[in-house]
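My notes follow in the order I made them.

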Amino acid sequence: MLAKVKVARPLSIRGYSHRRFQPRWAHHKGRCDAREVVLARDGRGVRRNAACHPVKGRWYSPYDGKWLKSEKQVDVDHVVPLAYAWRSGASRWSQARRRAFANDLTRPELIVVSHSANIAKSGQGPQSWRPQRRAYWCRYATSWITVKHHYRLFVTRREKVALLNMLRTCRG
């Protein structure tokens, strides 16, 4: 799949704003927004209040291997960060397509991670940041490639090399 992704130079960050993708989380199931759906999907023993907000549960952060017992300790990460997507071609998309990308529950774009891992990652790509747990590199790289391929976002040469190196950790 990576071979089918176009290689190009990154576009300018000019014009980027988080709000151009996600003024707020989109609602998917009744009162539940995309963030709350991901928290319930990726958590264990998650209980929600009437407004769908998690009030109890445990979450595993695959980036750093931490188990977290409070929703306040976790973030829902965009595997391909919004700013990174902007520079990879999303700047040319409609507002509706950017919003769909930012709230995608079908592709492996949204996952629960620790707040500290999400802060460390920020808007970086795989050539600058990798999950702390090397055991997760294969899954991270395949998720990244799946998202980029589906949305027809391009990769830079350095990004492709980093992804290929991470794919070497895949078994069999």
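**Disulfides**

I looked up Cys-138 and Cys-170: the torsion about their S-S bond is about 100 degrees, so this disulfide is right-handed. The pair ties together parts that are 32 residues apart in sequence, because Cys-138 lies in helix H5 and Cys-170 in the segment after helix H6 (157-167). Helices (H or I, at least four residues) and strands (E, at least two) are DSSP runs, numbered from the N terminus. The S to S distance here is 2.0 Å; a disulfide is a pair of cysteine sulfur atoms within 2.5 Å.

I noted that this is a predicted model, where local features need pLDDT of at least 70, side-chain atom pairs count only at pLDDT 80 or more, and totals for chains, interfaces and linings use all residues. Residues are numbered from 1 along each chain as its sequence is written, and side-chain values use heavy atoms, with hydrogens and water left out.

I counted two disulfides by the rule above. The other joins Cys-32 to Cys-52, with S to S 1.7 Å. Its torsion is about 85 degrees, so this disulfide is right-handed. Both Cys-32 and Cys-52 are buried (under 20% relative accessible area; exposed is over 50%, partly exposed in between, with a 1.4 Å probe and protein chains only). Cys-170 is partly exposed, at 28% relative accessibility.

**Lysine**

Is Lys-148 buried or exposed? I found Lys-148 buried, with a relative accessible area of 0%. Lys-148 is in helix H5 (residues 137-150). Beyond four places in sequence, its contacts (heavy atoms within 4.5 Å) include Val-80, Tyr-84 and Glu-159.
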